Amino acid sequence: MQTPGSQSSLHRANLERVVRAVRLAGSLTQAEIARSTGLSAATVSNIVRELKEAGTVEVTDTSAGGRRARSVSLSGDAGIVIGVDFGHTHLRVAVGNLAHQVLAEESEPLDVDASWVDGFDRAEALVGRLVEGIGIGRDKVIGVGLGVPGPIDVESGTLGSTAILPGWAGINPRRELSQRLGVPVYVDNDANLGALGELVWGSGRGVKDLAYIKVASGVGAGLVINGEIYRGPGGTAGEIGHITLDESGPVCRCGNRGCLETFAAARYVLPLLQSSHGPELTMERVVELARAGDPGCRRVITDVGRHIGSGVASLCNLLNPSRVVLGGSLADAGELVLAPIRESVGRYAIPSAARQLSVLTGSLGGRAEVLGALALVLSEMGDSTLLAENGSGVRAPAVLSSVR
C-alpha cells in the first residue's frame, strides 16, 4: 500500500510527472524532461529506463544542439486516441497515437443540422472503419475527443444554443458517443479545439497565450491562457462573434444588434455578393475570386478583416495575447484579410498590446479542429491510466465496442 510521503508514493508521482511531460509534448530528450519536471538528470535516466523496460516509452538516438541525445516518446503499444469533429457541413475523424503521430484521417460531407442521430451513426461507423484499417486492436483505444460547432453547458454537458444547432438542443454529445463506443469521451466546441490543434501542431507552437479566431458560418474564438484553454465558468468564453460593433446594425441570431458576426460570418457576408456573383456563391469561392483580383470580393474581404480586427483589438485590451491565429475558410485569403486585421488592431488596441501581438493564419486548415480533438484527449487523460498498479507498465485500455 502506498502512503502519502512514502518512497513508493514519491516514486509513483515521479513516474507520472515524466509520463505527463512526454505525453503533452509528444517526444522530449531526457535533458528536456529534466528541465520541464524539475527532476534531476539521474532520476530521469532511471525512470526512463524503468518505463522503457515496461514498454511504456520508446527511446531513440537523436541530437540536440549538435550533441548526441536520447529522445523519449510514449510507446506505440501504449494506446491510441481518436478525434471526431462535427462541422456544419462535414464530419472528420482522425486516429493518433500517444507520440502525437496521426495514423489515419478521413472526412465526409455531412449536414450537421439535419439529424443528430444520423451524425452520430456516421461518426460511429467512420471511427470503426479507421481503427480497423490501421490494424490496431480496438482494445488499445484510450479515449475520444469530440468537437461540436456550438457551446457546451459546463454543468449539464448538453448543447444549449438552439440558434446554432436547433436539432441538437438538449443533446449530451459526450454521453451519446461514449455509450456507442464504450470509451471515455472528452467534448468541446470547435473554436477551442481549433486553438488546441494550432497550439500543439500548428501556428501556435511555442506560445502560451493565444486566441484562435474561427470565421465560418459563425465567428468564435478559442482562448489559450498560460498554455491551457480558458472556457469560463459557464463554458461560453470566447464568443467574440457577439461583441457589439454597431447598436443600430443588423439583428444577430443571438437577438442583439450589430454583433461582429453580422459583419463577418458567411451567412451575413455572402448576400452582399450573390446578386453579382450568383446564389451558389460560397466563402471559399469568394476567397478564390479575391485572390484572383475580383474587386468586389477583395473589398468584402477587406471590410471583414477590418471588423474582425476591431474585435481582436478588444480582445487584446482585455487579455493581451501574444498571438492571434485566424482559422476557417477566410484564412485562405492570407494577407488580403490579415493586413486589415492588423490595421484595425493598430488603431483600436492599446499600443503596448498591439506591439506584442502577431497575427497569423492557421497552418492546419480544416484539420485544426480534429487534431485539436486528439490533443484534448492527450491533455485530459490521466497519467495513471498509462501505468500499471505496480508503478510502471502499460495499462489495459477500455474496449471499443463493435460498430453498429
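**Nonpolar cores and a surface patch**

In this predicted model, the largest nonpolar core holds 46 residues, and the members that touch the most others are Ile33, Leu51, Val72, Val81, Leu98, Leu196 and Trp201. Several elements supply at least two residues each: helix 1 (7-25), helix 2 (30-37), helix 3 (41-54), helix 6 (190-201) and helix 14 (368-380), together with strand 2 (57-64), strand 3 (67-74) and strand 9 (210-215). Helix 14 makes the greatest contribution to this core, giving nine residues. Apart from this core lies another, of 43 residues, which includes Ile301, Val304, Ala331 and Ala353.

Leaving aside residues up to four places away in sequence, Trp201 touches His100, Leu364, Leu371, Leu374, Ala375 and Leu378. With His100 there is also a polar approach: the side chain of Trp201 reaches the backbone oxygen of His100 at 3.4 Å. Trp201 and Ser363 are 162 residues apart along the chain, yet 8.6 Å separates their C-alpha atoms.

Turning to the surface, Ile225, Tyr230, Leu318 and Leu319 form a nonpolar patch, and together these four residues have about 400 Å² of accessible area. One of them, Leu318, is found in helix 11 (residues 295-319). With a relative accessible area of 72%, Leu318 is exposed, because exposed residues are those over 50%.

Definitions and conventions:
Residues are numbered from 1 along each chain as its sequence is written. This is a predicted model: local features need pLDDT of at least 70, side-chain atom pairs count only at pLDDT 80 or more; totals for chains, interfaces and linings use all residues. Side-chain values use heavy atoms; hydrogens and water are left out. A nonpolar core is a set of buried Ala, Val, Leu, Ile, Met, Phe, Trp, Tyr and Cys residues joined through side-chain atoms within 4.5 Å. Buried means under 20% relative accessible area, exposed over 50%, partly exposed in between (1.4 Å probe, protein chains only). Helices (H or I, at least four residues) and strands (E, at least two) are DSSP runs, numbered from the N terminus. Patches are made of residues with over 30% relative accessible area and no salt bridge: like charges are joined within 9 Å, nonpolar side chains (Val, Leu, Ile, Met, Phe, Trp, Tyr) within 5 Å. Accessible areas come from the Shrake-Rupley method with a 1.4 Å probe; for residues, only the protein chains shown count as cover. A salt bridge is a side-chain nitrogen of Lys or Arg within 4 Å of a carboxyl oxygen of Asp or Glu. Contact means heavy atoms within 4.5 Å. A polar contact is a pair of N or O atoms within 3.5 Å; within protein, one must be able to donate a hydrogen and the other to accept it, and residues adjacent in sequence count only if both atoms are side-chain atoms.
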